[in-house]
Amino acid sequence: MVTSEHAGRATARAGANFALVKYWGKADARLNVPAVGSISITLDALFTETEVVVDPGLASDELTLDGKRRDEDLAKISACVDLLRRKAGVDTRVRVASRNNFPTGAGLASSASGFAALVRAAEGALGLTLSARERSIIARQGSGSAARSIFGGFVEMHAGSLPDGSDSFAEPLLESSEWPLEVVIAVTAKGEKEVGSRSGMARSASSSPYYAAWVAGQPPDLAAARAAIRARDFEALADIAEHNCLKMHAAALAALPPLVYWNGATVECLHAVRRLRAGGVPVFFTIDAGPQLKAVCAPGARGQVERMLSTVPGVLEVLTSALGPGAELR
Ligand code: PMV
């Protein structure tokens with residue numbers, strides 16, 4: 001444990017990420033260990049920036065998100081900072097000020113970038129120096145996908161099998177510069193989603209007849225995606241990512257009550273991407289636990305994909321991003 005000059009106050013930035021092979025389901029809800037591994041890409045244009053200030057005068061932690069107090073999220077934030085306080089051997093309370101440069105809680109991975117930025121900033125503010133793996137393990141306990149936003153580019157999350165969750169962490173597969181794919185996001189709704197991923201996963205696991213098949217199918221999908229990324233084989237990655245996304249949604253749709261994360265515009269965007277791809281444009285889609293459609297494309301195709309998704313009725317906004325770095329101190 002090394003005391004850093006940043007002790008007392010630190011600011012970190014972490015990019016959102018989304019999965020090409022999805023995390024959906026938990027093996028251990030308390031330690032937040034996923035039931036399946038996942039593979040994601042980290043973005044540079046959608047990020048969370050978080051400042052953590054250690055303040056001995058505070059009786060309890062404080063949290064603002066985009067300038068507003070968020071007492072309803074404080075328990076999860078405090079539990080995550082507790083893991084770092086324990087490592088630092090202190091009990092001092094902290095003030096956390098977090099900002100997203102994109103809509104919060106609408107299926108754009110704000111929890112991923114949020115917890116990754118929190119862990120990095122709290123580590124700095126508490127004077128700790130952790131390995132990237134330790135950061136990933138701590139971020140996982142805040143939000144499963146946050147374990148991946150610790151790293152940039154292409155990232156694999158290992159589900160692990162140890163009961164204490166110590167082998168459940170993410171690792172980089174490829175730097176963003178090694179395969180600079182780009183992303184176009186069609187925003188089709190702006191409010192916070194109705195059913196968050198935590199309860200959506202629990203409901204799928206307990207009631208979907210397809211959940212067991214989803215979990216069983218994950219190792220071959222991970223192997224196929226890993227091989228496609230290593231070979232920079234866009235078509236192979238496109239096939240496996242679309243297949244895996246639709247399997248996750250099939251498991252969710254078959255839950256009781258059903259989990260329908262899509263709206264009409266989501267489905268129209270899916271067809272638009274499929275038409276482009278059938279016409280030879282290197283692009284594929286993925287959709288998380290929300291109504292936004294994420295299109296991943298080879299660098300030259302971004303303009304065409306952006307223009308096409310902008311014309312789909314019901315699309316409110318189109319965001320674009322390159323792949324980006326992992327969580328960093330500012
Ligand atoms: O990390 P969570 O609890 O927000 O769950 C993420 C779930 C999905 O976004 C649907 C899939 C994924 O792998 O990111």
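Author: The second largest pocket has a volume of about 240 Å³. Among the 17 residues of its lining, Lys-193, Glu-194, Val-195, Val-260 and Tyr-261 are the closest to the centre. A pocket here is an open set of points on a 1 Å grid over the protein atoms alone, where a 1.4 Å probe fits, with protein on both sides within 12 Å along at least five of seven lines; lining residues have an atom within 4 Å of a point. The volume is the space filled by probe spheres set on the points, which are joined across faces, edges and corners. By type, the lining divides into 9 nonpolar, 4 polar and 4 charged residues. Ala, Val, Leu, Ile, Met, Phe, Trp, Tyr, Cys and Pro count as nonpolar, Asp, Glu, Lys and Arg as charged, and the others, Gly among them, as polar.

The model is predicted: local features need pLDDT of at least 70 and side-chain atom pairs pLDDT 80 or more, while totals for chains, interfaces and linings use all residues. Residues are numbered from 1 along each chain as its sequence is written, and side-chain values use heavy atoms, without hydrogens and water.

Elsewhere, strand E11 spans residues 283-287 (strands are DSSP runs of at least two residues, numbered from the N terminus). On one side of E11, Val-283, Phe-285 and Ile-287 are buried, as are Phe-284 and Thr-286 on the other; buried means under 20% relative accessible area with a 1.4 Å probe, protein chains only. E11 pairs with strand E12 (residues 293-297) in the antiparallel sense over 5 bridges, where pairing takes at least two DSSP bridges. Ile-287 has Leu-293 as its bridge partner in E12, and 5 residues lie between the two strands of this hairpin.

Methods. Buried < 20%, exposed > 50% of the residue type's maximum accessible area, 1.4 Å probe, protein only. Helix = DSSP H or I, 4+ residues; strand = E, 2+ residues; numbered from the N terminus.
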